[in-house]
Amino acid sequence: MALVDVLFVVAAVALTYLVHYRSNRQKARAPLPPGPAGIPFFGNLFQVHSLRPYPQFREWALKYGEIFYLRLGPQNVIVLNSAEAADELMVNRSANYSSRASPHVAHDIVSGGQRMVFLPYDREWKTVRRSLQGVIGPNPSRGFRNIQELETRIFLFDLCAHADQSVTETHVQGPNDEIPERHWFALVRRFTTSVVLNVTYGRRVHRLYGNPHLHKIYDVLDNFVRVAQPGNYLADAFPILRLLPDFLAPWRTEARKMHEWEMELWGSFLEEGKAASREGIVRQGFINTYLRARADAGSEDAPGDGLTDDGWMRDKLLTYTGATVLEAGSDTTAITIQSFVLFMLSNPHVLRRARAEIDAVIGSDRMPEFEDEERLPYMVACIKETMRRRPPITMGVPHMAEQDDVYHGYHIPKGSTIIGNVWAIHMDPRTFPNPTAFDPDHYYTEGKQHTSGTGPDSSARDHYVFGWGRRFCQGSFIAEASIFIALSRLVWGIDFSAPIDKDTGRPFVLDMADEERNWNEGFVSGPKIFPARFKARSQKHAEVIQRSFVDAQAEWQAMGLAVDER
């Protein structure tokens, strides 16, 4: 090598080292973001309600601005309270912020380290993501619209049959917010669960009552949203506690039992698919299709965790991938529908306006279809406002900083938990004037062409329910389609109302502002159960709903799916 080449290489190495050194010095000198003072060892751990952190986080956002710092035990936590900050880090700098700060108990033990939502940004997660993209991505998801359309027919029929059952009967929510099966909330859950059960396993929920599989799905979901809330276990914040023996760590024993309990359910779905495949029975759904493809590739039997050498998901990872699709698409969608009803009952003038639009466009001879969405801009604005005003996951799913970084002069330490504070962003008065009000005009302007605004493109986001960057929710397309077709048809065909309070003589509607009393705790949060009456808006609407229900049974049979038992 010529002397000049040697000198060039030495200079390049020296320059690279100098840039790296200066960058690290700059990061080291940069202060941490502002934040509330904590106490030694525990930091801010006892200042945050583990199952309802978002009210306190918004107070801190108002005090400290778009970014603040917490310490939960030894864990650094960076909270982003503006769309600009969240987009910059988790979208524009996604290479550094696409991994997860996984809760030890919920992920490592309860989920066996295999739940997609908490997987780090590695080969396993990328394999799962790629496998699902061909099923629930923007184009493939349209293949399920027929199922969604049929299931909404059943949903409307069930609401009419339910009538005032939630008013005349006494219903009590369970100790872990379990929903009574005879309450109208259960009808919403049946609809949303049946859609994603078909997507995932090629089956549907055809019974309302006496359905043990369905109840266990809900029990698992209700348990997971509590266990997965960041900060719910000290072992999540203090890794040293994970070294304790079992007799000093009852939380570990409890979590292992939860894992076995979950696997009894999710594992049984996988085993049913494998048995059908061995018998030559062709079933639809992601899990069954994947099992056939894996068998054709020579990996029919692949027990254990993670991936095979040739990149196929082993059984437990595949089991939890199916579970994740069902978990993500069932409860969150149901919560949005339940919240919508609450907001409409609380704002009857909004309901009248949405209904007037639908009546003008649709009439009473048919139900709304997917193709009508562009002609129903105010209805779409009502849906967007519901998701803004009450995001099911109020704090988003935390990301993790894989390397040190600097944002607006503040140091973000490597390994920090990064929270996109969806609640604070949705309550930003600069973007949403009078943010606590339910006002679809936040998204509606007369005569203006309205676009979706809910996809991963950060330059045109309406809300942040579906997350950020490379961890943007893959199931958003199915969720949005289910929400639109269910709610547009609900407004079209069903007259829903609140019962009259005997003491006040006025409709009894939950106070939306009372977080403690009227909204559930946990990682995923929706309204407490509340009474409502349902009936068809007219005889004409009732006839269309009844006829559509009957016609749906023939279509279920033609598809080889269970008909409804009522």
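Predicted model: local features only at pLDDT ≥ 70, side-chain atom pairs only at ≥ 80, totals over all residues.
Reader: OK, stepping back, how many helices and strands am I looking at?
Author: The protein contains 20 helices, together with nine strands. With a radius of gyration of 25 Å, close to the 24 Å that the globule rule gives for 566 residues, the protein is as compact as a globular protein of that length.

Reader: What does the C-alpha trace span along its principal axes?
Author: The spans are about 90 × 60 × 55 Å for the C-alpha trace of the protein.

Reader: How much of the chain is buried?
Author: Of the 566 residues in the protein, 55% are buried, while the accessible surface comes to about 24,300 Å², with carbon and sulfur atoms contributing 54% of that area.

Reader: What share of the contacts joins residues 24 or more positions apart?
Author: If you take the contacts with a separation of 6 or more, residues 24 or more positions apart account for 73% of them.

Reader: Why is Met367 called buried?
Author: Met367 has a relative accessible area of 4%, and because buried means under 20%, the label applies. Leaving aside neighbours within four places in sequence, Met367 is in contact with several residues, among them Leu156, Arg489, Trp492, Val544 and Ile545.

Reader: Switching to histidines, where is His213 found?
Author: His213 is part of helix α10, which covers residues 212-227, and it is partly exposed with a relative accessible area of 31%. Apart from neighbours within four places in sequence, the contacts of His213 are Arg203, Leu265, Ser268, Phe269 and Glu272.

Reader: How far is His213 from Leu265, in sequence and in space?
Author: The two are 52 residues apart in sequence, and their C-alpha atoms are 7.7 Å apart in space.

Reader: Is His206 buried or exposed?
Author: His206 counts as buried at 17% relative accessibility, although this residue is in a loop, the one between α9 (184-201) and α10. Setting aside neighbours within four places in sequence, His206 is in contact with Ala562, Val563, Asp564, Glu565 and Arg566.

Reader: Last topic, backbone angles: what is phi at Phe41?
Author: Phi of Phe41 is near 75°, which is a positive value in a residue other than glycine. Phe41 belongs to the loop between α1 (3-29) and α2 (54-64), and with a relative accessible area of 56% this residue is exposed.

Reader: And what is phi at Ala163?
Author: Ala163 is not a glycine either, yet its phi is positive at about 55°. Ala163 lies in the loop between α7 (145-162) and α8 (165-168), where it counts as partly exposed at 25% relative accessibility.

Note on methods
Residues numbered from 1 in each chain as written. Heavy atoms only, no water. Helix = DSSP H or I, 4+ residues; strand = E, 2+ residues; numbered from the N terminus. Rg over C-alpha atoms; globule rule 2.2 N^0.38 Å. Buried < 20%, exposed > 50% of the residue type's maximum accessible area, 1.4 Å probe, protein only. Contact = heavy atoms within 4.5 Å. Areas by Shrake-Rupley, 256 points an atom, 1.4 Å probe, with all protein chains shown as cover.
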